[in-house]
Amino acid sequence: MASLHVPLSSLPRPSFRPTGKLLIRCSADRQALFNRIAPVYDNLNDLLSLGQHRIWKRMAVSWSGAKEGDDVLDICCGSGDLTFLLSEKVGPHGKAVGLDFSNEQLLIASTRQKLRSKTCYKNIKWMEGNALDLPFPDSSFDAVTIGYGLRNVVDRHRAMTEICRVLKPGSTLSVLDFNKSINPLSTTVQELMIDNIVVPVASGYGLENEYKYLKSSIKDFLTGNELEKLALEVGFSTAEHFEIGFGFMGNLVAIR
């Protein structure tokens, strides 16, 4: 079942490498979109994936290799699902950072943190920031995750380069997102689900316009092989993409 993680590609993809001004403008549009959908984001994810997104997120965190005492980063953290899971992995002696450019999403993540009692959750720090210009020194983290975010950044090569930079040598990046399948049947089923389930349900929340570009954003994304190639191009030593969720989702695992 397709999960409802909003596409940010409502604007046509430029055929050239974006300039600094274009990056700011496009990021501002995307930032406003995520601020709008923040109040119902988690409920819609549960409804449309029948809760399966929680399983996929646990798999992504497991693939990151995060362990007790590590310093970890969750990029495009949204309301914090992956960040909380990472926090549990690294424990009270580790540190977890959840970074997102949507202030509304971060406010929800912070509120969720205050309502949770586990001691490890005190190790989480929320930061408003840009995935294309990470505010951290080189080799800062033992593991990095990004869930349903890489598909939506305006410059994937730059984002992956930044992630590689802030990871420690030998550490792992785990990228969870929709799978752009090379299987025509899988693609057809995925598109039918988006057209007949995701968009109609989102429209009931007044968010049809925010979600109707999901299909085109997946078409504009990278296949598993292309994600592996991108990871190797920016400096990762190994990269492997796994299809999960009946092939509707995918997870890239790349080691620096």
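Buried means under 20% relative accessible area, exposed means over 50%, and partly exposed lies in between (1.4 Å probe, protein chains only). Please keep in mind that this is a predicted model, in which local features need pLDDT of at least 70, side-chain atom pairs count only at pLDDT 80 or more, and totals for chains, interfaces and linings use all residues. Residues are numbered from 1 along each chain as its sequence is written, and side-chain values use heavy atoms, with hydrogens and water left out.

**View 1. Tyr-148 sits in the loop between strand 4 and helix 6.** Helices here are DSSP runs of H or I with at least four residues, strands are runs of E with at least two, and both are numbered from the N terminus. Tyr-148 has a relative accessibility of 4%, so this residue counts as buried. Its phi is near 55°, a positive value in a residue other than glycine. Most residues other than glycine have a negative phi.

**View 2. Ser-139 lies in the loop that runs between strand 3 (124-128) and strand 4 (141-147).** Ser-139 also has a positive phi, near 55°, without being a glycine. Is Ser-139 buried or partly exposed? With 31% relative accessibility, Ser-139 counts as partly exposed.

**View 3. Helix 6 (residues 156-166) packs with helix 10 (residues 224-234).** The angle between them is about 55°, and their axes are 9 Å apart. Axes are lines fitted to C-alpha atoms, for helices over the stretch in contact, and angles run from 0 to 180 degrees between N-to-C directions. Helix 6 and helix 10 are therefore oblique to each other; angles under 35 degrees count as roughly parallel, over 145 as roughly antiparallel, 65 to 115 as roughly perpendicular and the rest as oblique. Look for Arg-156, His-157, Met-160, Thr-161 and Cys-164 of helix 6, which meet Leu-230, Ala-231, Glu-233 and Val-234 of helix 10. Contact means heavy atoms within 4.5 Å.

**View 4. Helix 3 (residues 52-64) packs with helix 4 at an angle of about 45°.** Their axes are 10 Å apart. That angle makes helix 3 oblique to helix 4, and helix 3 passes helix 4 in a right-handed crossing. On the helix 3 side, the contact includes His-53, Arg-54, Lys-57 and Arg-58. Helix 4 contributes residues including Asp-81, Leu-82, Glu-88 and Lys-89.

**View 5. Helix 4 (residues 81-90) is mostly covered.** How many of its 10 residues are buried? Eight of them are, among them Leu-82, Phe-84, Leu-86 and Val-90.

**View 6. Tyr-211 belongs to helix 8 (residues 208-211).** Tyr-211 has a relative accessible area of 0%, so this residue is buried. Between Tyr-211 and Ile-194 there are 9.0 Å in space, C-alpha to C-alpha, and the two are 17 residues apart in sequence.

**View 7. The protein as a whole has 10 helices and seven strands.** Of its 256 residues, 54% are buried.

Definitions and conventions
Left-handed = near helix turned anticlockwise from the far one by under 90°.
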